[in-house]
Amino acid sequence: YATKVTIESIQDDLKELQAGLKMCEQKMPQVDRSESRFDVFYKLMPNSIEECRKELEEVDMLNTKVLKEFSELAEKYGEDPGRSKPEEFFTLINNFLTLYENQSKEIKLKRI
């Protein structure tokens, strides 16, 4: 729901996830290795961290793409992409569509 989620909150969440991943990478070598056959930390964590890194890189790339595409869309609608916030822009579009649908229904009812 583009009208309810702010770009700032998404970017903050992304930064928090990246910081958490970096912290895991830094802390992992500090964990003592166990000789126990039940300790699977070093079997699982490197792959998990690598998988997380790839997913975060993809999310970051998609975030950049969304911001670029929003900027282009806002410009096409005559909005200043630097000053227009996506949630405000999409609220405006949503309100327009709702009013349009309501007026269309009202016109159809008057014809009957």
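Trainee: How many salt bridges does the count come to?
Mentor: The count is four salt bridges, where a salt bridge is a Lys or Arg side-chain nitrogen within 4 Å of a carboxyl oxygen of Asp or Glu. Before we go on, this is a predicted model, where local features need pLDDT of at least 70 and side-chain atom pairs need pLDDT 80 or more, while totals for chains, interfaces and linings use all residues. Residues are numbered from 1 along each chain as its sequence is written, and side-chain values use heavy atoms, leaving out hydrogens and water.

Trainee: Why do those side chains pair up at all?
Mentor: Opposite charges on side chains can pair when the charged atoms come close.

Trainee: Okay, take Glu25. Which residue does Glu25 form a salt bridge with?
Mentor: The partner of Glu25 is Arg53, and their closest N and O atoms are 2.2 Å apart. A helix here is a DSSP run of H or I with at least four residues, numbered from the N terminus.

Trainee: Is Glu25 buried, partly exposed or exposed?
Mentor: Glu25 has a relative accessible area of 29%, so Glu25 is partly exposed. Buried means under 20%, exposed means over 50%, and partly exposed is in between (1.4 Å probe, protein chains only). Arg53 also counts as partly exposed, because its relative accessibility is 27%.

Trainee: Now Lys68. How far apart are the closest N and O atoms of Lys68 and Glu72?
Mentor: They are 3.0 Å apart, and Lys68 and Glu72 form a salt bridge. Both residues lie in helix 2, four residues apart, which is about one turn of the helix. Lys68 is exposed at a relative accessible area of 53%, whereas Glu72 is partly exposed at 38%.

Trainee: Which residues do shared partners join into one network?
Mentor: Salt bridges with shared partners join Glu25, Glu50 and Arg53 into one network.

Trainee: Changing topic. How many aromatic pairs does the structure hold?
Mentor: It holds six aromatic pairs. One of them is Phe70 with Phe90: the ring centres are 5.9 Å apart and the planes are at 50°, so the pair is tilted. Phe70 lies in helix 2 (residues 41-76) and Phe90 in helix 3, so the pair ties together parts 20 residues apart in sequence. For the rule, Phe, Tyr and Trp (six-membered) rings pair if their centres lie within 6.5 Å; planes under 30 degrees apart are stacked, over 60 edge-to-face, and the rest tilted.

Trainee: How far apart are the ring centres of Tyr77 and Phe89?
Mentor: They are 5.6 Å apart with planes at 70°, so this pair is edge-to-face. Tyr77 is in the loop between helix 2 and helix 3 and Phe89 is in helix 3, so the pair ties together parts that are twelve residues apart in sequence. Tyr77 counts as exposed at 52% relative accessibility, while Phe89 is buried with a relative accessible area of 4%. Ring pairs link Phe70, Tyr77, Phe89 and Phe90 into a cluster.

Trainee: Where is Ser84 found?
Mentor: Ser84 is in the loop between helix 2 and helix 3. At 13% relative accessibility Ser84 counts as buried. Leaving out residues up to four places away in sequence, Ser84 touches Phe70, Glu79 and Phe89, with contact meaning heavy atoms within 4.5 Å.

Trainee: And Pro29, where is that found?
Mentor: Pro29 is in the loop between helix 1 and helix 2, and Pro29 counts as exposed at 62% relative accessibility. From C-alpha to C-alpha, Pro29 and Arg111 are 75 Å apart in space, and they are 82 residues apart in sequence.

Trainee: Last one. Where is the place of Phe96?
Mentor: Phe96 is in helix 3 (residues 86-111). Its relative accessibility is 51%, so Phe96 counts as exposed.

Methods: Helices (H or I, at least four residues) and strands (E, at least two) are DSSP runs, numbered from the N terminus.
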